[in-house]
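Welcome! Please keep the viewer at hand as you read.

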Amino acid sequence: FLVDTGGKLGTLLVTVEMGERGPNPDPEWEPWENPVYLSVWNPADMGEPIQRMDAVVDSLMFGEHEVVDANFDGYMDFSVLRNRGNGAGYWYLWVWDEEAGQFAEVPEYREISLPRRSPETEIIDGWARNSGAGDGVTTFHRWEDGELVCVRRIESFSPWEEPSIVCVQDRINGELQQVYREEFPWPGEEPEGQEAWRQARYKWCDLDYHGEP
């Protein structure tokens, strides 16, 4: 696929090859994961790649990618799908470094499930569904001094026959700290408790919301 970087090298070609696991794959890999090898080519000089990168992807997702301006700097970047399930999906991201003339991987992006980028707010939010109850983890990331950091993490869980929980962490002094936690009992499947749990999560999805006074 092609990436029009918008920089001095213009449009670059990225090729992706599937590798073989070999007899001793990394023990952290899942059984369905395979290594892939990415090469970045300058069409003006196809003698050899200007850059090579390695990754590991679900073989069923091989080839899925996006070309986006993920860090909102005016240069185009690209992401490659690592794996995806019913409630989550994770991507690699390489952003274009105009000064270096290469793409740089952003490891933090791998932790964002189903990332959505907003050029208006320059926020990347993510959602990983935990179960059919509609609970899970919501994250919000922002670029700070060229680094992608999580500025809010919302965990909303609904265990069977236990109180449902909403827990919120905000980035304070450079690290995530808990700023809110509340349990919502559902005696007899009480609908009021269910709705209060949902509303608490929705309120905290607004980054301008910081709790009731």
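A residue is called buried when its relative accessible area is under 20%, exposed when it is over 50%, and partly exposed in between, using a 1.4 Å probe and protein chains only. Helices (H or I, at least four residues) and strands (E, at least two) are DSSP runs, numbered from the N terminus. The model is predicted, so local features need pLDDT of at least 70 and side-chain atom pairs count only at pLDDT 80 or more, while totals for chains, interfaces and linings use all residues. Residues are numbered from 1 along each chain as its sequence is written, and side-chain values use heavy atoms, with hydrogens and water left out.

**The chain as a whole**
- Of the 213 residues in the chain, 41% are buried.
- A contact means heavy atoms within 4.5 Å. Among the chain's contacts with a separation of 6 or more, 37% join residues 24 or more positions apart.

**Strand β10 and its neighbours**
- Strand β10 (residues 123–129) is largely enclosed by the rest of the structure, because five of its seven residues are buried.
- Two strands pair if DSSP finds at least two bridges between them. Strand β9 (residues 116–118) pairs with β10 in the antiparallel sense over three bridges, and Arg-117 has Ile-124 in β10 as its bridge partner.
- The hairpin of β9 and β10 has four residues between the strands, and Glu-122 there takes a positive phi near 55 degrees.
- β10 also pairs with strand β11 (residues 136–144), in the antiparallel sense and over seven bridges. Here the partner of Ile-124 is His-141 in β11.
- Asp-125 sits in strand β10 and counts as buried, at 16% relative accessibility. Leaving out residues up to four places away in sequence, Asp-125 touches Ile-112, Leu-114, Pro-115, Arg-116, Thr-139 and Phe-140.

**Nonpolar cores**
- A nonpolar core is a set of buried Ala, Val, Leu, Ile, Met, Phe, Trp, Tyr and Cys residues joined through side-chain atoms within 4.5 Å.
- The largest such core has 16 residues, and those with the most contacts inside it are Leu-38, Met-53, Phe-78, Trp-94 and Phe-103.
- Two or more residues of this core come from each of β2 (11–18), β3 (33–41), β4 (51–58), β6 (77–84) and β7 (89–97). The most come from β4, which gives four.
- Phe-103 has contacts beyond four places in sequence with residues including Val-3, Leu-12, Val-40 and Trp-96.
- Another core, of 14 residues, lies apart from this one and includes Met-61, Val-68, Leu-93 and Val-106.

**Salt bridges**
- A salt bridge is a side-chain nitrogen of Lys or Arg within 4 Å of a carboxyl oxygen of Asp or Glu. By this rule there are nine.
- Arg-84 and Glu-64 form one, at 2.8 Å from N to O. Arg-84 lies in strand β6 and Glu-64 in the loop between β4 and β5 (65–68), so the pair ties together parts that are 20 residues apart in sequence.
- Glu-66 and Arg-117 form another, with their closest N and O atoms 3.3 Å apart. Because Glu-66 is in strand β5 and Arg-117 in strand β9, the pair ties together parts 51 residues apart in sequence.
- Glu-212 and Lys-203 also meet in a salt bridge, at 3.4 Å from N to O. Glu-212 is exposed, with a relative accessible area of 55%, whereas Lys-203 is partly exposed at 39%.
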